[in-house]
Amino acid sequence: MAAVEHEIPHVHDHHPTGLMRWLTTTNHKDIGTMYLWFSFIMFLTGGVMALTIRAELFQPGLQVVNPEFFNQLTTMHGLVMVFGAIMPAFVGFANWQIPLMIGAPDMAFARMNNWSFWLLPPAALLLISSFFVPGGAAAGGWTFYPPLSVQMGVGMDMMIFAIHILGASSIMGAINIITTILNMRAPGMTLMKMPMFVWTWLITAYLLVLVMPVLAGVVTMLLTDRNFGTNFFNAAGGGDPVLFQHIFWFFGHPEVYIMILPSFGIVSEVIPTFARKALFGYSSMVYATASIAILSCIVWAHHMFTAGMPVTGQLFFMYGTMLIAVPTGVKVFNWTATMWRGSMTFETPMLFSIGFIFLFVIGGFSGVVCAIVPIDVQVQDTYYVIAHFHYVLVSGSLFAIFAGIYYWLPKWTGHMYDETLGKWHFWLSMFFFNLTFFVQHFLGLAGMPRRIPDYALQFADFNMISSIGAFGFGTTQLLFLYVVLKCIRGGAKVSAKPWEGGKTLEWTLPSPAPYHSFQTPPVIK
């Protein structure tokens with residue numbers, strides 16, 4: 001017996017170290033960390049592409065890249081940012097936080113979790129190496145509409161395969177998240193007691209499982225059109241190019257919400273912490289999130305108002321699109337009501353969350369503008385649309401990612417980040433972001449088309465301002481990298497409750513129960 005006891009400590013002695021640790025890990029924290037670093041590398045890669053685009057547009061005339069390469073950059077910038085930066089970052093948050101938040105030991109399928117991450121680097125490599133094949137990368141925009149995408153070189157096939165691999169990774173991640181949340185919650189944690197971040201990811205994961213196979217289907221049809229003589233989208237062979245748009249946007253519109261719903265979850269965790277109050281209207285937040293997800297699946301053709309659909313179709317998609325503003329407005333109201341009469345402090349995560357609300361609302365309003373058919377016909381494919389979706393995806397998704405990283409970094413590393421530098425990162429990002437994208441509304445309303453390397457002289461001033469803002473914004477993200485690395489390497493040891501700030505109020509204690517947000521707090525004797 002003594003001999004057996006002596007042996008036991010050596011049974012699990014072997015733990016891979018170095019590279020093998022990361023290649024073979026099934027630990028949700030390690031995998032979450034890898035997702036976040038991968039996403040940051042892709043963010044910088046896509047950022048360099050964006051800065052090359054803005055350098056070309058700094059002044060009229062062709063000076064930095066040729067027009068064909070410019071179009072390849074616009075395509076790749078979109079794909080890298082959507083599939084390489086934003087989505088993996090949120091999956092990284094999900095991996096790190098969901099098991100901790102629901103009391104699970106790990107994700108449900110730990111090995112599949114590892115696999116779903118390790119599909120990403122080869123897919124990214126395949127995507128970016130399409131620049132270096134004959135004919136270069138695809139140049140039809142990130143939506144790669146036929147007939148143009150049917151005629152491009154081998155870079156287009158590489159892009160299609162990369163999208164297949166990225167989609168498989170997303171589906172596996174989503175199945176894992178759904179199974180973990182539904183089957184591995186701690187005893188007593190009912191669905192309506194889950195943190196908002198877990199709720200938003202559960203709903204996002206269902207959206208992913210629903211629409212990723214649709215994307216896989218449409219790129220496979222495109223692949224067979226290109227290589228095997230089918231005519232799904234070839235009008236000369238009896239196909240329909242507009243069919244591609246319908247199938248693509250049935251994926252593409254829910255995809256936008258896949259990138260924004262986890263943001264709502266992060267902001268719904270951060271704001272109550274720094275307002276030192278419970279989230280206002282928890283159940284309405286859950287129902288609003290579900291409503292947004294359901295509505296997102298029936299409004300896809302608002303991307304296609306100029307494709308010649310019947311007026312009745314235009315009306316349906318116009319009203320459906322406007323309807324999404326209602327549950328989104330409920331969320332904004334709830335966040336504002338949570339802050340109302342709270343004991344607020346403004347650490348970096350709170351600043352990014354408030355910045356998120358403010359700028360996301362601007363993006364939401366310009367989205368409602370684009371939903372109005374006669375206006376959309378005018379601003380379709382102009383810089384107005386570019387401004388709109390960057391207000392949603394940069395000041396929306398990206399700012400929420402920053403908020404989440406600053407919020408959970410002390411938990412992840414055990415060290416406190418540099419608060420002063422964090423605030424510099426926020427204010428510089430806020431300033432340069434608006435400098436970059438706000439003026440693009442004016443460019444679009446004045447008629448400047450997107451995806452062009454050269455433009456008429458009347459657009460010169462706003463383009464110069466936008467390019468200066470873009471380079472400022474890009475440089476500011478290096479400050480963020482410095483803050484994160486400095487925090488990982490050391491710094492002040494973090495306390496058990498880093499965000500209390502010496503303000504233990506009545507409603508942060510387990511007793512008495514939180515009172516209604518709009519009541520005068522009772523005097524506790």
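## Terms and basis of the model

A residue counts as buried under 20% relative accessible area, as exposed over 50%, and as partly exposed in between (1.4 Å probe, protein chains only). The model described here is predicted: local features need pLDDT of at least 70, side-chain atom pairs count only at pLDDT 80 or more, and totals for chains, interfaces and linings use all residues. Residues are numbered from 1 along each chain as its sequence is written, and side-chain values use heavy atoms, with hydrogens and water left out.

## A nonpolar surface patch

Leu182, Leu191, Met192, Tyr206 and Tyr287 form a nonpolar patch on the surface, and their accessible area together is about 470 Å². Such areas come from the Shrake-Rupley method with a 1.4 Å probe, and for residues only the protein chains shown count as cover. Patches are made of residues with over 30% relative accessible area and no salt bridge; like charges are joined within 9 Å, and nonpolar side chains (Val, Leu, Ile, Met, Phe, Trp, Tyr) within 5 Å. A salt bridge is a side-chain nitrogen of Lys or Arg within 4 Å of a carboxyl oxygen of Asp or Glu.

Leu191 lies in the loop between helix H8 (154-183) and helix H9 (196-227). Helices (H or I, at least four residues) are DSSP runs, numbered from the N terminus. Leu191 counts as partly exposed because its relative accessibility is 31%.

## Packing of helices

Two packed helices are described by the angle between their axes and the distance between the axes. Axes are lines fitted to C-alpha atoms, for helices over the stretch in contact, and angles run from 0 to 180 degrees between N-to-C directions. Angles under 35 degrees count as roughly parallel, over 145 as roughly antiparallel, 65 to 115 as roughly perpendicular and the rest as oblique.

The axes of helix H3 (residues 28-56) and helix H4 (residues 67-102) cross at roughly 155° and come within 7 Å. H3 and H4 are therefore roughly antiparallel to each other. For helix H10 (residues 241-275) and helix H15 (residues 383-413), the packing angle is about 45° and the axes are 9 Å apart; H10 and H15 are therefore oblique to each other.

## Backbone features in loops

The peptide bond from Pro146 to Pro147 is cis, with omega near 5°. Pro147 is found in the loop between helix H6 (120-129) and helix H7 (148-151).

Arg276, a residue other than glycine, has a positive phi near 55°. Arg276 is in the loop between H10 and helix H11 (282-296), and counts as buried because its relative accessibility is 4%.

Note on methods. Helix = DSSP H or I, 4+ residues; strand = E, 2+ residues; numbered from the N terminus.
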